[in-house]
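Dear colleague,

I am handing over the structure below, together with notes on what was found in it.

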Amino acid sequence: MFAVMDRKVIELDEGWDYMQKGITKLKNILEGLPVITFNAEEYSMLYTTIYNMCTQKPPHDYSQQLYDKYSEAFADYITTMVMPCLREKHDEFMLRELVQRWSNHKVMVRWLSRFFYYLDRYFIARRSLPPLKEVGLTSFRTLVYEEVKAKARDAVIVLIDKEREGEQIDRALLKNVIDIFVEIGLGQMDSYEQDFEALMLEDTGAYYSRKASIWILEDSCPDYMLKAEECLRRERDRVTHYLHSSSEQKLVEKVQQELLVVYATQLLEKEHSGCRALLRDDKVEDLSRMYRLYHKILKGLEPVAAVFKQHVTAEGTVLVQQAEDAATNQAGNAAVVQEQVLIRKIIELHDKYMAYVTDCFLNHTLFHKALKEAFEIFCNKTVAGTSSAELLAAFCDNLLKKGGSEKLSDDAIEETLEKVVKLLAYISDKDLFAEFYRKKLARRLLFDRSASEEHEKCILTKLKQQCGSQFTSKMEGMVTDLTLARDNQTSFEEYLRNNPNVSPGIDLTVTVLTTGFWPSYKSFDLNLPAEMVKCVEVFKGFYEGKTKHRKLTWIYSLGTCNINAKFDAKPIELVVSTYQAAALLLFNAADKLSYSEIMTQLNVTQDDLVRLLHSLSCAKYKILIKEPSTKTISPNDTFQFNSKFTDRMRRIKIPLPPVDERKKVIEDVDKDRRYAIDAAIVRIMKSRKILGHQQLVMECVEQLGKMFKPDIKAIKKRIEDLITRDYLERDKENPNTFRYLA
């Protein structure tokens, strides 16, 4: 059997005297005295002493007393050793001492908490008291930090300002001091934020406010921005090297406020170097810097975007005005060329400023919006009475027709078409563009003037993507029609070969079109010469054999004829329209014909007759001699075949004077708009059943806005018309409200 030996009781004073020796040795080590550090045996004895004093039976369990004495040990050391050293030093020297003392204190806490570790495990856990480490650090906060924090903070701020002025400072020292403000919070940032950061930010604001007030007067806008950008970079650098990362955003905002927000208007509007001047002089790098500086500031870019919009609008308006002046001073072709130049210049302007939006302003929506609004302003102006929709359609025509003035490679044409379609987005009367484009497309297709079918299809695809399939459906139908017409002509030629008894007697090419796709053309019952009547009959016989349900309407105004004219000097082949050919063939049977005789025999209107007789007797090629010999056609004139006519060419084309189609196109578009407004009103009312006048007008404008800007008066007129046609009715109680009638 083993006897259980009773452990000797350690009294408080005796035990504490032993502990005090260990604590004194620790203090000497921290003070840098030549003392040998703790060995394992010493450490074990100190730990065991505490263990034994805490595990003795009451009343000899000294846990509470030891817990209190642990705290007193720190207080005693701080009061006797630490604070006297700190109080006698100032500025940077005080900071170095503080950093050293904090470092020592953490070592002391680490060692003492190990000696007293048993308290942490049981006594503290049971009583829910602050743990040893916290008690140790709190004593430093209470006795050292609270007294020196203001001095330390001020000394740090002085050093930061010195660095801002270009002096070299000990960044490592600053980092260590600022870490004390962070660590002293024991996981909370309150001490750092309230005791250091708040005043540091205040000082930063004051510092940059002083600087900005001088720079704004002395520097140009680009120089000022360079300085601002450099200041921001350096402040971020300070955060990286010694400030806490949580300060970065606040610090940057403070610098932005003083350097960029306070002086924003003065800076952007500097007379010779502000935003306007940068745009005027194409200072791309400075504009990019302006964007970089202001895009992080709430609403900072709005004034920049406003200036950008004004600048682009002004440049575009100048282009339009130049074209207007040129068109006024020049006539005919020269004016048309000027209009073509205008579209080309607007495309170049768009390229230039779209590059600004993407490169300088990094595709920011504000600048896309500014560019769009600017282009919408000047792209909807008229030039010498010609709308931009018509100008754009004419520009496309010039690109796509044979012999156009734009001599470009295939890739360049495709790229230009892409840009034209982008410009169309800014034009409010898209339906007007569509109608003009369709007219010109028809001429290109019917008179074989289109340079490339690929390009025709290419622009239609782009238009379809931009404006929807409804926009291009008729145009696509026209292109398809022509392919079908070629097949149809091949079948007709085969039919003639297989049926020699039905020969038309002359070469005949017929293009069959679908009425709905093409612009409307006047079709008159022209009295055809016998030769042509036979052609019509032969083709009719062929076509009716193919299909029973389609009716052919002949558009003679679009036809062309090649006829051989036997002049005294030599025979010449004349390329003329069907109308001109019919008129010339009358002179095979008569030497001389009066105006009224020709009119009766051909059965044409006065306007058409004047045009065709003018082309044959008053223009470049005088195939007919007119009496009296004047430059205008009158009902009393007589005409005879000019057998003396000759020309160096064996084949000549006699053009008809062009008809100004603008008026008709505008009339057609107005008519289509009436239908579109009617349809929109009915659609809206059908789904809403009852609606106020204002709301109906607004919804109507919104629905139709993609194609054209509907006139409010026109909408009111259409509403009245729909009421009379019993689609809608006014509410009996409120005449400003409409009901849908199913």
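Helix H21 (residues 469–498) packs against helix H22 (residues 530–546) at an angle of about 110°, and their axes lie 11 Å apart; axes here are lines fitted to C-alpha atoms, for helices over the stretch in contact, with angles running from 0 to 180 degrees between N-to-C directions. H21 is therefore roughly perpendicular to H22, given that angles of 65 to 115 degrees count as roughly perpendicular, those under 35 as roughly parallel, those over 145 as roughly antiparallel and the rest as oblique. On the H21 side the contact is made by Asn488, Ser491, Phe492, Tyr495 and Leu496, and on the H22 side by Val538, Phe539, Gly541, Phe542, Tyr543 and Lys546, where contact means heavy atoms within 4.5 Å. By class these residues divide into seven nonpolar, three polar and one charged; Ala, Val, Leu, Ile, Met, Phe, Trp, Tyr, Cys and Pro count as nonpolar, Asp, Glu, Lys and Arg as charged, and the others, Gly among them, as polar.

Before going further, please note that this is a predicted model, in which local features need pLDDT of at least 70 and side-chain atom pairs count only at pLDDT 80 or more, while totals for chains, interfaces and linings use all residues. Residues are numbered from 1 along each chain as its sequence is written, and side-chain values use heavy atoms, with hydrogens and water left out. Helices (H or I, at least four residues) and strands (E, at least two) are DSSP runs, numbered from the N terminus.

In the loop between H21 and H22 sits Val502, which is in contact with Tyr495, Leu496 and Val538 when its neighbours within four places in sequence are left aside. Val502 is partly exposed, with a relative accessible area of 25%; buried means under 20%, exposed over 50% and partly exposed in between, with a 1.4 Å probe and protein chains only. Between Val502 and Ile50 there are 131 Å in space, C-alpha to C-alpha, and 452 residues in sequence.

H17 contributes Leu392, Phe395, Cys396, Leu399 and Leu400 to the contact, and H18 contributes Ile413, Thr416, Leu417, Val420, Leu423 and Leu424. This contact has ten nonpolar residues, one polar and no charged ones.

H19 is mostly covered, with 14 of its 17 residues buried.

Arg718, in helix H28 (residues 712–724), counts as buried at 14% relative accessibility. Its side chain is joined by a polar contact of 2.9 Å to that of Asp678, and another polar contact of 2.9 Å joins the side chains of Arg718 and Asp721; a polar contact is a pair of N or O atoms within 3.5 Å, where within protein one must be able to donate a hydrogen and the other to accept it, and residues adjacent in sequence count only if both atoms are side-chain atoms. Arg236, in helix H9 (residues 221–241), counts as partly exposed at 27% relative accessibility and touches Glu248, Val252 and Lys296, not counting residues up to four places away in sequence. Asp608, in helix H25 (residues 606–617), counts as buried at 11% relative accessibility, and with the same exclusion of residues up to four places away in sequence Asp608 touches Phe524 and Tyr579.

Finally, some backbone points deserve a look, since most residues other than glycine have a negative phi, and most peptide bonds are trans. Leu362, in the loop between helix H15 (333–360) and helix H16 (365–378), has a positive phi near 45° and is exposed, with a relative accessible area of 55%. Lys689 has a positive phi near 65°. The peptide bond from Glu627 to Pro628 is cis, with omega near -10°, and Pro628 lies in the loop between strand E4 (624–627) and strand E5 (638–641).

With kind regards
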